[in-house]
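This report looks at a ligand site and at a few loop residues. The sequence and structure are shown here before the discussion begins.

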Amino acid sequence: MLFEPWRLGRIELANRVVMAPMTRNRADRAGVLPDSAVTYYQQRAGAGLIVSEAAQPSAAGQGYPGTPGVHDDRQEAQWAKVTDAVHASGGKIFCQLMHTGRMSHESFMPPGAKVVAPSPIRAEIEVETIDRVMVPAPVPTELDQDGIDGIIRDFADASERAVRAGMDGVEIHGANGYLPHQFLSPGTNHRTDAYGGSPEARSLFVVELLRAVCDRIGHDRVGLRISPGGQFNDMADKGNDETYLSLIDQIDELRIAYLHTLRRRSTPLHEQLRGRWSTTYMLNTGFHGPSEREDLEPLLEAGQADLVSVGRLFISNPDLLERWRHGIERVEWDESTFYTGGDTGYIDYPAVQH
Ligand SMILES: Cc1cc2nc3c(=O)[nH]c(=O)nc-3n(C[C@H](O)[C@H](O)[C@H](O)COP(=O)(O)O)c2cc1C
């Protein structure tokens, strides 16, 4: 089933294996990708769909060095080269949009901007500065209504720009402890206004964000990634099932292209999410061992997912689908070059000759 086509919104995917979004920190200080990114993504166009590395929808949304932006013309021009190359090789690509919220540092902030979050609660971990020094995470400034409205507008603007750059759609990064997740989770959202205090209220930011992006580029070009129960980035999201069920009930009617859920193992919540969701359901089960073909196929067969996403194996096997199709051994990834910049460990993993 991995090799079967799948209809996703308005596009047809050649297979059901998605390249998961992966930050590679190769962009310059202006958030512009290098030309090597064009090669990197084109090499991986055999995936049914590529979800790009996380890109900031505004300068103030950045929280890691070397992540690309999708908020100015130079950034857009470089993304357009990427999408052209992927399409020329028969692939499809969505742009992942990430605002890091409290997982950032003032060194990334443009003049006048602050590190923001739903509530002024710092992550009890270190963050990287723009000069790649590890420092304690800052206490974020609580967003006011204007701040919330402005960020939602930035996401809509960036989505429009992404589509103009040739993206087949955008994925809103609502997982792994970044801004939308910070709204969803009671540990990071202590608000007493319309955006906090109940499962419905904690979902509101994501609901409004999705509505704005759907209005701008069309519902069938929008995906959402979530990680219910996730603890990455000092999140305490366990026991927050009601928020995710409320979120799903509120957004299902938008009929976005897909929901992309990260999980290690299935729980009753995951079964409920899958059961209630009425468009494409994508699963990522990674983060421990590699996402192996033998583990992914049964998920499709059992109907637990329509699409599966694979991360690290796509870094070291640009032609992963070909290798799986022909039973060719795959290459191990080198973790030491995931985030370091440069071409090594980026565009030098070979495709097999057969
Ligand atoms: C180098 C690297 C960068 C990542 N960057 C992102 C990212 O930008 N956005 C995101 O949602 N997940 C990110 N992830 C998580 C992956 O999308 C995926 O969920 C994870 O790697 C588990 O899948 P795997 O076991 O198949 O690698 C990243 C993972 C890795 C290894």
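## The shell around the ligand

By class, how many nonpolar, polar and charged residues does the shell around the ligand have? In this predicted model, the shell is made up of 9 nonpolar residues, 9 polar residues and 2 charged residues. The ligand has 20 residues around it, and those that come nearest are Pro21, Thr23, Arg225, Ser291 and Arg312.

The space that the ligand takes is the largest pocket.

## Polar contacts and cover

On its own, the ligand has 610 Å² of accessible area, and the protein covers 94% of it.

Most residues other than glycine have a negative phi. Against that background, arginine 132 has a phi near 65°, a positive value in a residue that is not glycine, and arginine 255 likewise has a positive phi, near 55°.

Arginine 132 belongs to the loop that runs between strand 7 (126-128) and strand 8 (134-136). Because its relative accessible area is 38%, which falls between the 20% and 50% cut-offs, arginine 132 is classed as partly exposed. Arginine 255, for its part, is located in the loop between helix 6 (241-251) and strand 12 (258-262), and its relative accessibility of 43% lies between those cut-offs, so arginine 255 also counts as partly exposed.

## Glycine 218 and its loop

Is glycine 218 buried or exposed? Its relative accessible area is 17%, which is under the 20% cut-off, and therefore glycine 218 is buried. In the chain, glycine 218 is placed in the loop between helix 5 (199-217) and strand 11 (222-226).

How far apart are glycine 218 and alanine 257 in sequence and in space, C-alpha to C-alpha? The two residues are separated by 39 residues in sequence, while the distance between their C-alpha atoms is 9.5 Å.

Key:
Residues are numbered from 1 along each chain as its sequence is written. This is a predicted model: local features need pLDDT of at least 70, side-chain atom pairs count only at pLDDT 80 or more; totals for chains, interfaces and linings use all residues. Side-chain values use heavy atoms; hydrogens and water are left out. A residue is near a molecule or strand if one of its heavy atoms lies within 4 Å of it. Accessible areas come from the Shrake-Rupley method with a 1.4 Å probe; for residues, only the protein chains shown count as cover. On a 1 Å grid over the protein atoms alone, a cavity is a set of points where a 1.4 Å probe fits but cannot get out, and a pocket is an open set with protein on both sides within 12 Å along at least five of seven lines; lining residues have an atom within 4 Å of a point. A molecule sits in a cavity or pocket if more than half of its atoms lie within 2 Å of its grid points. Ala, Val, Leu, Ile, Met, Phe, Trp, Tyr, Cys and Pro count as nonpolar, Asp, Glu, Lys and Arg as charged, and the others, Gly among them, as polar. Helices (H or I, at least four residues) and strands (E, at least two) are DSSP runs, numbered from the N terminus. Buried means under 20% relative accessible area, exposed over 50%, partly exposed in between (1.4 Å probe, protein chains only).
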